[in-house]
Amino acid sequence: MSQDKLLVTFSPHVRDRMTSDRIMLLVVLALVPSMLVSVYVYGFYAIKTYALTILFCLAFEAGFQKIRGTAITLGDNSALLTAILLAMNMPPNPPWWLLMVGSLVAIVISKQVFGGLGHNPFNPALVGRVFLLIAWPAQMTGWIEASTVKAGFAFDTVSAATPLGQVKAEVLTHGEIVSDNLAGMTDLLVGTVNGCLGGDSAIAVLIGGLFLIYKKIIRWHVPATYLGTVFVLTGIYWFFSPDKTLTPIQHLFAGGLMLGAFFMATDYVTSPMTPKGQIIFGVGCGVLTVVIRLFGGYPEGVAFSILIMNAFVPIIDNYMRPKSFGEAAA
């Protein structure tokens, strides 16, 4: 055999045509339906929040890499994706400085100090959201009433609670749900309910999520087990205490559960690699979300549950990794 036909290189030895920057761009495209719905519902507020968050995240990414003397990698689209997800996890009309601090935490503290894309142990957008939620709870829960695009441009919005927040407040105050004007299924599906900027339109998130599964960007294991676990556990609780919680279908479509299940719990870097590990991860996220929603102080719970399960990913990967050919049990 001719020696010039042998090439010794480091792994990976099998390369796919799908690159990281293309994957990130496809995920951004999958978020477009949700972005359009948020602009329709919140108008100028949504446009301002998306624009400022993207500006801050890209600036912090490039600035930190410039300081470190490393190559500026804005072209991999990861900072753009983090910015959009962070904006979707914000209230519709946050102050500009809140977006700046959230972008700083998400890009610099949660991602770049660990080495950049591929090295962060926790989802950057969720770290930014949880930091802001703990540090400035009043600003992070300053909801405005969902309306049409006219309301956002005319600056005539009204403060209002989210469906999950309304239920949590009534149960804590009265011991049961007393209102008969809770958000309907149509509003939850379309997204014309009060809440975070981009996660309240279940149908828009679902369209984007199914697009990612169709393009094989994500697998079904995490979103299916995450949503299935929430449905089953909230269904059991609702069966015995229907006056203290929403129906299991409403739990699926309310808050940021759909957005978290399809777009953040499936993050390549912070979720398990094997199908079995992804199932364990999804079930864990579902259990934690239900516990926080039903028994915790917060009405939501998606961000906390995903970040907690992010911490278990190395352990899950260690025990769920496939055995090498010929490997004997210890």
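A crossing of two helices is called left-handed if the near helix is turned anticlockwise from the far one by less than a right angle, and right-handed if clockwise. The model is predicted, with local features requiring pLDDT of at least 70 and side-chain atom pairs pLDDT 80 or more, whereas totals for chains, interfaces and linings use all residues. Residues are numbered from 1 along each chain as its sequence is written, and side-chain values use heavy atoms, with hydrogens and water left out.

**Exercise 1. Describe how H11 and H14 cross, and what kinds of residue make their contact.**

Step 1. Helices here are DSSP runs (H or I, at least four residues), numbered from the N terminus. With axes taken as lines fitted to C-alpha atoms over the stretch in contact, and angles running from 0 to 180 degrees between N-to-C directions, the axes of H11 and H14 cross at roughly 35° and come within 7 Å.

Step 2. The crossing of H11 past H14 is right-handed.

Step 3. Counting Ala, Val, Leu, Ile, Met, Phe, Trp, Tyr, Cys and Pro as nonpolar, Asp, Glu, Lys and Arg as charged, and the others, Gly among them, as polar, the residues of this contact divide into 14 nonpolar, 8 polar and no charged.

**Exercise 2. Compare the span of H14 with its expected span, and find the helices against which its buried residues pack.**

Step 1. The expected span is 1.5 Å times one less than the number of residues; H14 (residues 275–295), with 21 residues, reaches 30 Å from its first C-alpha to its last, close to the 30 Å expected.

Step 2. Taking buried as under 20% relative accessible area, exposed as over 50% and partly exposed as in between (1.4 Å probe, protein chains only), the buried residues of H14 include Gly-277, Phe-281, Cys-285, Val-290 and Arg-293.

Step 3. With contact meaning heavy atoms within 4.5 Å, the buried residues of H14 pack against H8 (163–174), H11 (221–240), H12 (248–253), H13 (257–264) and H15 (302–320).

**Exercise 3. Locate the salt bridges and state whether their partners are buried or exposed.**

Step 1. A salt bridge is a side-chain nitrogen of Lys or Arg within 4 Å of a carboxyl oxygen of Asp or Glu, and by this rule the count comes to 2.

Step 2. In one of them, Lys-111 pairs with Glu-61, the closest N and O atoms being 3.1 Å apart. Because Lys-111 lies in the loop between H4 (96–109) and H5, and Glu-61 in H2 (residues 44–68), the pair ties together parts that are 50 residues apart in sequence. Lys-111 is buried at 2% relative accessibility, and Glu-61 is buried at 1%.

Step 3. Arg-293 and Glu-300 also meet in a salt bridge, at 2.8 Å from N to O, and both of these residues are buried.

Definitions and conventions: Helices (H or I, at least four residues) and strands (E, at least two) are DSSP runs, numbered from the N terminus.
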